[in-house]
Amino acid sequence: MPATITPNKTEQERKRRVEDHDNGSGRRPPTDKRTGGGGDNDNWNDRPNGRRGPYERLHRYRMGIFFALASDLMFFVAIVSTFFVNQSTGHFDAYNRYVNEWLPTTIPPILWLNTAVLLLSSASIEFARRNMFRETDVMDEWLGLGKPITRRALPWLAATIALGALFLTGQWIAWRQLALQHIFFKTNQSSHFFFLITGVHAIHLFFGIAALITAFTGLYVSRQLETRQILVDGAAWYWHAMGILWLFLFTLLVFFQ
């Protein structure tokens, strides 16, 4: 009876490991798309907090923006609550008649155009943000094969800055139109809240434009790809929040006075 040669168990295990890891280049293909792969079992997710690479840094900045916006939201909630309280509050005159001095402020028509401009700017900044994370362009720029991300994101970022400036110009025109009608901050309670709400939002949007300009400059100045991504991503989320907030405030001023 011929002898049967049984391969050594250690040799079998070695061959199986080679087959499992070999993808034509002798290494296992990347498994973590967010970070570029494990890299010889060096997976970012296996590292301790604070050392998990670019994704953790991006997540940390997003959470910071979220908490900052949450505090802003509480501020606007307080304004809106006071708006409704004052709207329904009156007093009794000398003849024991109940008088409500709330006189609705006529909304300048340009605010409708302003709202459309802000919605367009939200779309343009989202195009810029998404271009910063296109997988093929990110790889090319990371490898030093040009700056495809910068070329794609810059026009959309510039358009957002221009639209934001146009929105603020429209707000100033609306205030001027009310002034020509002799409606000012202290004219009545309704005008008081109109100027307060639109003015505070304009200040927040001004800071948003400053963030956009910082991100625009960072695309030229910063050498780190993840820093450029964080600048654009953070500015975009802040800008989206200001757009959503304006839709709520505009609806309040148009339909609930």
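Start by selecting Glu 226: with 22% relative accessibility, this residue counts as partly exposed. Keep in mind as you click that you're looking at a predicted model.

Glu 226 and Arg 57 make a salt bridge, with 3.2 Å between the closest N and O atoms. Glu 226 sits in helix α7 (residues 225-255) and Arg 57 in helix α2 (residues 54-87), so this pair ties together parts that are 169 residues apart in sequence. Arg 57, at 23% relative accessibility, is partly exposed.

Stay on these two helices and pick Arg 62 and Asp 233. Here the closest N and O atoms of the salt bridge are 2.8 Å apart. Again the pair links distant parts of the chain, Arg 62 being in helix α2 and Asp 233 in helix α7, 171 residues apart. Buried or exposed: which is Asp 233? Buried, with a relative accessible area of 1%. Arg 62 is partly exposed, at 29%.

Next, hop over to helix α3 and select Glu 126 and Arg 129. This salt bridge has its closest N and O atoms 3.0 Å apart. The two residues are 3 positions apart in helix α3, about one turn of the helix. Glu 126 is buried at 15% relative accessibility, and Arg 129 is buried at 12%. Across the whole structure, a search turns up 5 salt bridges.

While you're in helix α3 (residues 110-131), click on Trp 112. It is partly exposed, with 49% relative accessibility.

Now try the record. An unreviewed UniProt entry lists residues 61-85, 105-125, 153-173, 193-216 and 237-256 under "transmembrane region". Select 153-173 and you get 100% helix, with the end C-alpha atoms 31 Å apart. Residues 237-256 come out at 95% helix and 0% strand, with 28 Å between the end C-alpha atoms.

Last stop: zoom out and color by secondary structure. How many helices and strands does the chain have? There are 7 helices and 2 strands, running α-α-β-β-α-α-α-α-α from the N terminus. Of the 257 residues in the chain, 36% are buried. The chain exposes about 16,300 Å², and carbon and sulfur atoms supply 63% of that area.

Notes
Residues are numbered from 1 along each chain as its sequence is written. This is a predicted model: local features need pLDDT of at least 70, side-chain atom pairs count only at pLDDT 80 or more; totals for chains, interfaces and linings use all residues. Side-chain values use heavy atoms; hydrogens and water are left out. Helices (H or I, at least four residues) and strands (E, at least two) are DSSP runs, numbered from the N terminus. Buried means under 20% relative accessible area, exposed over 50%, partly exposed in between (1.4 Å probe, protein chains only). Accessible areas come from the Shrake-Rupley method with a 1.4 Å probe; for residues, only the protein chains shown count as cover. UniProt positions are given in the numbering used here, feature names are shortened, and annotations may be inferred rather than shown by experiment. A salt bridge is a side-chain nitrogen of Lys or Arg within 4 Å of a carboxyl oxygen of Asp or Glu.
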